[in-house]
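Where does a probe the size of a water molecule show that empty space is left?

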Amino acid sequence: MSQLSPSIAEAISPMREALLVHRLYGELKNIEQMRLFMERHVFAVWDYMSLLKALQRGLTCVETPWLPVGEPRLGRIINQIVLGEESDITDQGEALSHFELYLRAMREVGADTSRIEQFLASLRAGRSVEAALEEAGVPMSVKEFVRHTFRVVSGGQLHEIAAAFTYGREDLIPAMFGELVAKLDRDFPSRLTTLHYYLARHIELDGDEHGEMGREMVGLLCGGDSVRQAEAQAAAVQALQARVKLWDGIWETTATCPCTT
């Protein structure tokens with residue numbers, strides 16, 4: 001297996017730590033604030049899938065006639081991650097994507113799904129991502145986060161997309177979501193069961209399997225190329241910067257919410 005320079009871990013360490021201790025977690029004090037969080041965070045749950053699909057498209061053949069593409073190990077890594085994210089098995093034995101599971105969690109807690117549903121409807125009608133964001137009235141901090149993701153998807157090389165995916169999502173999620181699970185257990189016992197399952201499932205998959213596979217994928221794509229390693233590092237840093245800005249924007253909304261429920 002190709003080994004990646006430890007410079008990425010060193011470069012992202014300050015922002016990773018900032019995310020793990022972000023003031024947003026302490027601001028989620030009641031159900032209404034959790035709803036506001038979920039109504040914004042759902043767009044990050046959605047655009048994650050586009051990073052994933054960009055990697056699957058680049059690392060495997062998704063066209064007909066089929067042809068062998070690239071390194072089979074890379075194809076296996078990305079296909080395994082797609083299986084878990086796009087058609088996981090729920091605790092009820094049902095096949096469901098994690099995005100659809102998150103929508104279910106939103107409905108369970110009474111969060112407003114109209115914005116994300118309008119956004120998806122616009123995309124199905126053939127609108128661009130940018131136009132769909134505008135039509136759905138998506139808040140600016142969320143809009144900027146999605147824009148960053150799609151700059152990576154449309155303009156990034158595979159090792160840059162893989163670094164943004166791995167270090168901005170897969171490698172980060174177990175520790176970051178651990179903060180939210182602890183809060184749910186402490187402050188909302190048995191009230192947000194689907195959200196709890198969604199978060200716990202991500203911690204399980206990303207901590208035990210997907211995170212390690214993502215790091216291997218970045219290492220294989222960079223190989224011993226110092227230029228690619230530097231580009232992957234920059235992509236990872238930028239992905240975490242985008243997440244910090246998203247969390248800051250959501251914090252500003254929840255902190256000023258006159259919530260009592």
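The paragraphs below take the cavities in turn, with the residues and helices that line them.

In this predicted model, there are two cavities of 30 Å³ or more.

Two or more lining residues come from each of helix 3 (31-59), helix 5 (98-109), helix 10 (173-187) and helix 11 (193-222). Helix 3 gives the most to this lining, with five residues. Sorted by class, the lining of the largest cavity holds eight nonpolar, three polar and three charged residues.

The second largest cavity is lined by Leu51, Phe145, His148, Thr149, Val152, Ala164, Gly168, Arg169, Ala239 and Ala242. At least two residues of this lining are supplied by each of helix 8 (140-155), helix 9 (158-170) and helix 12 (226-255). Which helix gives the most to the lining of the second largest cavity? That is helix 8, with four residues. By class, the lining of the second largest cavity contains six nonpolar, three polar and one charged residues.

Notes
Residues numbered from 1 in each chain as written. Predicted model: local features only at pLDDT ≥ 70, side-chain atom pairs only at ≥ 80, totals over all residues. Heavy atoms only, no water. 1 Å grid on protein atoms, 1.4 Å probe; cavity = no way out; pocket = protein on both sides within 12 Å on 5 of 7 lines; lining within 4 Å. Points joined across faces, edges and corners; volume = space filled by probe spheres on them. Nonpolar A, V, L, I, M, F, W, Y, C, P; charged D, E, K, R; others polar.
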